[in-house]
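Trainee: Can we go through this one together? I'd like to pick out some local features.

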Amino acid sequence: MTSGLRRAALLAAVALGGGTLPAGAQVLPSEPIALAGGHVTVSGDVTAAIGSDDTGFFNYTDYEHSALKLFRVDLSTSVTLNSHFTLLGEIRDENIDTLRAYAFYVRIRPWIDRGIDIQAGRVPPTFGAFARRVYATDNPLVGYPLAYQYLTSLRPDALPWSADELLRMRGRGWLSNFSIGNQEPENGVAVATAFRWDTGIQLHAASDKVDGTVAVTTGTLSNPRITDDNSAPQVAARVSARPIPGLVLGVSASRGPFVSSTAARGAVGDGHDRDFTQTAWGGDIEYSRGYYVLRAETIWSEWKLPALGAPVIDTPLQALSTYVEGRYKLRPGLYVAGRVDHLGFNDIVGSAGPQSWDAPVTRVEVGAGYSLLRNLLLKISVQRNTRDGGRVPSATLAAVQAVYWF
Amino acid sequence: MLLIPRRTRKIVTLICFVSSALIAQSPSAIRGLRAARNGAIRGRVDLRKVPTPSEPRPNVADLGAAVRALDISDRLRSVVYLESAPRGAFETVEPTHAVMDQRGERFVPHILAITTGTTVDFPNSDHIYHNVFSLSKTKRFDLGRYAAGHSVPVRFDRPGIVRVFCDIHSHMNAFILVFSHPFFSLTDNDGRFRIDNIPPGVYNVIAWNEGVQSEPRAVTIPDGGIAEEDFVLR
């Protein structure tokens, strides 16, 4: 374990009231802190995960952070200015590193008695279901679904000259590099990242049975941003329905320019950055009853890249991800959970013939959670990752995680 | 809200156990119990600071928000009880039924005081799923998720405090105080209480509200009369 992680683990133990803390640890808040007569509410999540060395980078969220070795502190705040305006924000720190504003936006409710909200700023993801789950409490396992975390080799700021150049990066999304645009090695992007939120404006309307959301933002599903790096925004939409209690069905779509202006200019000159888009469709379902919750989600994504040198990338790059997840409570405070997850890619033709443009990966993760207190949860999970490519084609990894929230 | 201090929890749990052994009245007092007429205690609990209902966690990840009206009326109610109970009190406890509803994303009532052996029904009166669970040592249970119109009963056989939550709506919480004797009273919204049918004698009386409680106060219950006692909390 690195010294940074050791320090993180120690801080986690202290924050969670473990170790040799005296009785004072009992005064840790168990519910959100309300200030100014309830106009300001602050809540927090502290998660500390320690797991196996992930030499295949299956769980990395960028080049430096693995979801299995992560100490994370989230503080969320809502400031209710009046019945129409609320400011919401979340700051996050990972491994005692840089503090980042994960969310920061204003929520406007024009009519009090109508379920219509306008949100502007760094807003919650419109697309899909997982990215809006509160990770600490709503993710029954330690790992993330592949579509939301696994790093493909694609980069918005760098482009492969040919199909061969792209194929050389199969299974190396944790640190890929291409010859056009930014030539420095950097991590690639997930199909839909759960670790950054996009910036823009969002309109949400809800009734008892159906919700609809549409958003215009600066980034894309794979690359949420604060400021735009090309000349057009992304449009995303989602509709979800609750036909019966416990059942949620959702469909999502998004489309926006993926490649940065700089990279596009390096490839094909000015004025074409709108052409290289990411388009995604998604469907999700959740059913819960009694002691179990079942979820499934599938995401199809397509990236259009410029066709440059031979052998050219003559077809859009596609990825299809599907996971099925379940949680069952065995007794009060104790649950078991599992997730089966696959992320696949379409073939492109390189010098050696057709091959998927990135290495398909499958993950099976099982685990359990035990609540020591209502707001102090211990999770343990084991996952088996297999990949058709990359330096490490398979890995069995284990992790434990402590979650405290208020 | 802060966690209930361990001392408070111990005391309240104790009160209920105490009673079984307690009966620490003198032999003459006990003889007197048989002939004397029962009395009562009444008074008022003054809450200097009313506990506010739990705020929902900031719903940063939500695409929109539901407007939720806060209702503090059920936070005004406290529980007053005898720390010690007269001999024979435990023989008179009869198991009953009580109801804690889930309505408007709240448990109603917020505080329920019952005797051991009582079965509490937890109906769901909302149009959404709820869950009821407790990790309290007094009673651990989890009723799973269930829809409107359904109710699941739970029997409480041990005295103590049970904190109740919903794992879908983190702002929903409630208290169930389980006594092994019947000498307790839930105040009204003005804080007024009355405990009847108490055999004459000297008893320690405690007022409790959401994790804070008064020091035990010795109160003399007169023969056939009414003792007056007021409390200030917070």
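Predicted model: local features only at pLDDT ≥ 70, side-chain atom pairs only at ≥ 80, totals over all residues.

Trainee: Salt bridges, then. How many over all chains?

Mentor: The count comes to 29 salt bridges over all chains.

Trainee: What does Arg163(B) form a salt bridge with?

Mentor: Its partner is Glu31(A), and the closest N and O atoms are 3.4 Å apart. Arg163(B) sits in strand S11 (residues 160-165) of chain B, while Glu31(A) is in the loop between helix H1 (3-15) and strand S1 (33-35) of chain A, so this pair joins two chains.

Trainee: Is Glu31(A) buried or exposed?

Mentor: Buried, with a relative accessible area of 3%. Arg163(B) is also buried, at 10%, because buried means under 20% relative accessible area.

Trainee: And Asp167(B), what does that one pair with?

Mentor: Asp167(B) forms a salt bridge with Lys329(A), with the closest N and O atoms 2.5 Å apart. This pair crosses between chains as well: Asp167(B) is in the loop between S11 and strand S12 (173-179) of chain B, and Lys329(A) is in strand S15 of chain A. Lys329(A) is buried, with a relative accessible area of 11%, whereas Asp167(B) counts as partly exposed at 27%.

Trainee: Which salt bridges share partners?

Mentor: There is a network of that kind, joining Arg133(A), Glu286(A), Arg295(A), Glu325(A), Arg339(A) and Glu365(A).

Trainee: What about Asp211(A)? Where is its partner?

Mentor: The side chain of Asp211(A) meets that of Arg242(A) in a salt bridge, 2.8 Å from N to O. Asp211(A) lies in strand S10 of chain A and Arg242(A) in the loop between S11 and strand S12 (247-257) of chain A, so the pair ties together parts that are 31 residues apart in sequence. Asp211(A) is buried at 16% relative accessible area, and Arg242(A) is partly exposed at 27%.

Trainee: Switching to cavities. How many of 30 Å³ or more?

Mentor: Three cavities reach 30 Å³ or more. The largest cavity has a volume of about 190 Å³.

Trainee: What lines the largest cavity?

Mentor: It is lined by 20 residues, and Pro125(A), Thr126(A), Asp198(A), Leu221(A) and Gln234(A) lie nearest its centre. By type, the lining divides into 12 nonpolar, six polar and two charged residues. Strand S10 (210-217) and strand S11 (234-241) of chain A each supply at least two residues of that lining.

Trainee: Now the backbone. Which peptide bonds are cis?

Mentor: One joins Ala310(A) and Pro311(A), with omega about -10°. Another runs from Val108(B) to Pro109(B), with omega near 5°.

Trainee: Where are those two prolines?

Mentor: Pro311(A) is in the loop between S14 and S15 of chain A. Pro109(B) is in the loop between strand S5 (107-108) and strand S6 (111-115) of chain B.

Trainee: What is the phi of Phe57(A)?

Mentor: Near 55°, a positive value in a residue other than glycine. Phe57(A) lies in the loop between strand S2 (40-51) and strand S3 (70-80) of chain A, and is buried, with a relative accessible area of 17%. The C-alpha atoms of Phe57(A) and Arg391(A) are separated by 9.8 Å, although the two are 334 residues apart along the chain. Arg391(A) is in the loop between strand S20 (376-387) and strand S21 (394-405) of chain A, and counts as exposed at 60% relative accessibility.

Trainee: Last topic: which residues form the nonpolar patch on the surface?

Mentor: Tyr291(A), Tyr292(A), Leu294(A), Tyr328(A), Leu330(A) and Val336(A) form it, with about 520 Å² of accessible area together. Strand S14 (292-303) and strand S15 (317-331) of chain A are the elements that give two or more residues to the nonpolar patch. Tyr291(A) lies in the loop between strand S13 (277-289) and S14 of chain A, and counts as partly exposed at 32% relative accessibility.

Technical notes:
Residues numbered from 1 in each chain as written. Chains lettered and ligands numbered in written order. Heavy atoms only, no water. Patch = residues over 30% accessible without salt bridge, like charges linked within 9 Å, V, L, I, M, F, W, Y side chains within 5 Å. Areas by Shrake-Rupley, 256 points an atom, 1.4 Å probe, with all protein chains shown as cover. Salt bridge = Lys/Arg side-chain N within 4 Å of Asp/Glu carboxyl O. Helix = DSSP H or I, 4+ residues; strand = E, 2+ residues; numbered from the N terminus. Buried < 20%, exposed > 50% of the residue type's maximum accessible area, 1.4 Å probe, protein only. 1 Å grid on protein atoms, 1.4 Å probe; cavity = no way out; pocket = protein on both sides within 12 Å on 5 of 7 lines; lining within 4 Å. Points joined across faces, edges and corners; volume = space filled by probe spheres on them. Nonpolar A, V, L, I, M, F, W, Y, C, P; charged D, E, K, R; others polar.
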